[in-house]
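This report describes a single protein chain and the contacts within it. Please consult the sequence and the structure alongside the text.

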Amino acid sequence: MSIFDKYFFNTNKTPAEELPQENKKAKKQTDRILDYYKQNKDNIYTPSEILNNVFNNTIPITSVRRAMTTLTYDKKLLKTDITRKGMYGKPNYCWKLNNI
């Protein structure tokens, strides 16, 4: 079993009874990101841009990065060599939809 078989990574010791709900919420975030990439299939985005464009900055950036990592592992997104300035002025890599 891979760590990517579930969407929520329990790094903060969430109680077991809350895990199904957290996994469902994380899956919904992941699905929204993938849908956004599919609707904008010729564009590339940083995690900061996804946070702003998809979630209007209402969730943690770590949730966006977790979802994009999962989608990359699942070969649905590809990390590019292109960077753009991120939220804190540092270069952030861009991802694109994997058109396989």
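Which residue in strand 2 is the bridge partner of Thr83? The bridge partner of Thr83 is Tyr93.

## Basis of the report

The model is predicted, so local features need pLDDT of at least 70 and side-chain atom pairs count only at pLDDT 80 or more, whereas totals for chains, interfaces and linings use all residues. Residues are numbered from 1 along each chain as its sequence is written, and side-chain values use heavy atoms, with hydrogens and water left out.

## Overall organisation

The protein chain contains 3 helices and 2 strands, which follow the order α-α-α-β-β from the N terminus. Helices (H or I, at least four residues) and strands (E, at least two) are DSSP runs, numbered from the N terminus.

Of the 100 residues of the chain, 37% count as buried. Buried means under 20% relative accessible area, exposed over 50%, and partly exposed in between, with a 1.4 Å probe and protein chains only. Among contacts (heavy atoms within 4.5 Å) between residues at least 6 apart in sequence, 44% join residues at least 24 apart.

## The strand pair

Strand 1 (residues 77-85) pairs with strand 2 (residues 91-97) in the antiparallel sense, over 6 bridges. Two strands pair if DSSP finds at least two bridges between them. Besides the bridge between Thr83 and Tyr93, Leu77 stands opposite Leu97 in strand 2. The two strands form a hairpin with 5 residues between them, and Gly89 in the turn has a positive phi of about 80 degrees.

Tyr93 also takes part in a contact with a charge: the charged end of Lys79 sits over the Tyr93 ring, 4.4 Å from its centre. A charge sits over a ring if NZ of Lys or CZ of Arg is within 6 Å of the ring centre and within 35 degrees of the ring normal.

## The nonpolar core

A nonpolar core is a set of buried Ala, Val, Leu, Ile, Met, Phe, Trp, Tyr and Cys residues joined through side-chain atoms within 4.5 Å. The largest such core has 18 residues, of which Ile33, Tyr37, Ile50, Phe55, Val64, Met68 and Leu77 touch the most other members. Helix 1 (19-39), helix 2, helix 3 (61-73) and strand 2 each supply at least two residues of this core. Helix 3 gives the most, with 5 residues. In soluble globular proteins, nonpolar side chains tend to be buried together.

When residues up to four places away in sequence are not counted, Ile33 touches Ile50, Phe55, Val64, Ala67, Met68 and Leu71.

## Aromatic residues

The whole structure holds 2 aromatic pairs. The ring centres of Tyr37 and Tyr45 are 5.5 Å apart and their planes lie at 80 degrees, so this pair is edge-to-face. Rings of Phe, Tyr and Trp (its six-membered ring) pair if their centres lie within 6.5 Å; planes under 30 degrees apart count as stacked, over 60 as edge-to-face and the rest as tilted.

Tyr37 and Tyr45 are both buried. Together with Tyr36, Tyr37 and Tyr45 form one aromatic cluster.

In helix 2 (residues 47-55), the buried residues are Pro47, Ser48, Ile50, Leu51, Val54 and Phe55. They cover an arc of only 165 degrees around the axis, which puts them on the same side of helix 2; the arc is that of the directions from the helix axis to the C-beta atoms.

Ser48 has a relative accessible area of 11%. Leaving aside neighbours within four places in sequence, Ser48 is in contact with Ile61, Gly86, Met87 and Asn92. Gln29, in helix 1, is also buried, with a relative accessible area of 12%. With neighbours within four places set aside, the contacts of Gln29 are Phe55, Ile59, Ser63 and Arg66.

Most residues other than glycine have a negative phi.

Asn56 is exposed, with a relative accessible area of 56%, whereas Asn57 counts as partly exposed at 45% relative accessibility.
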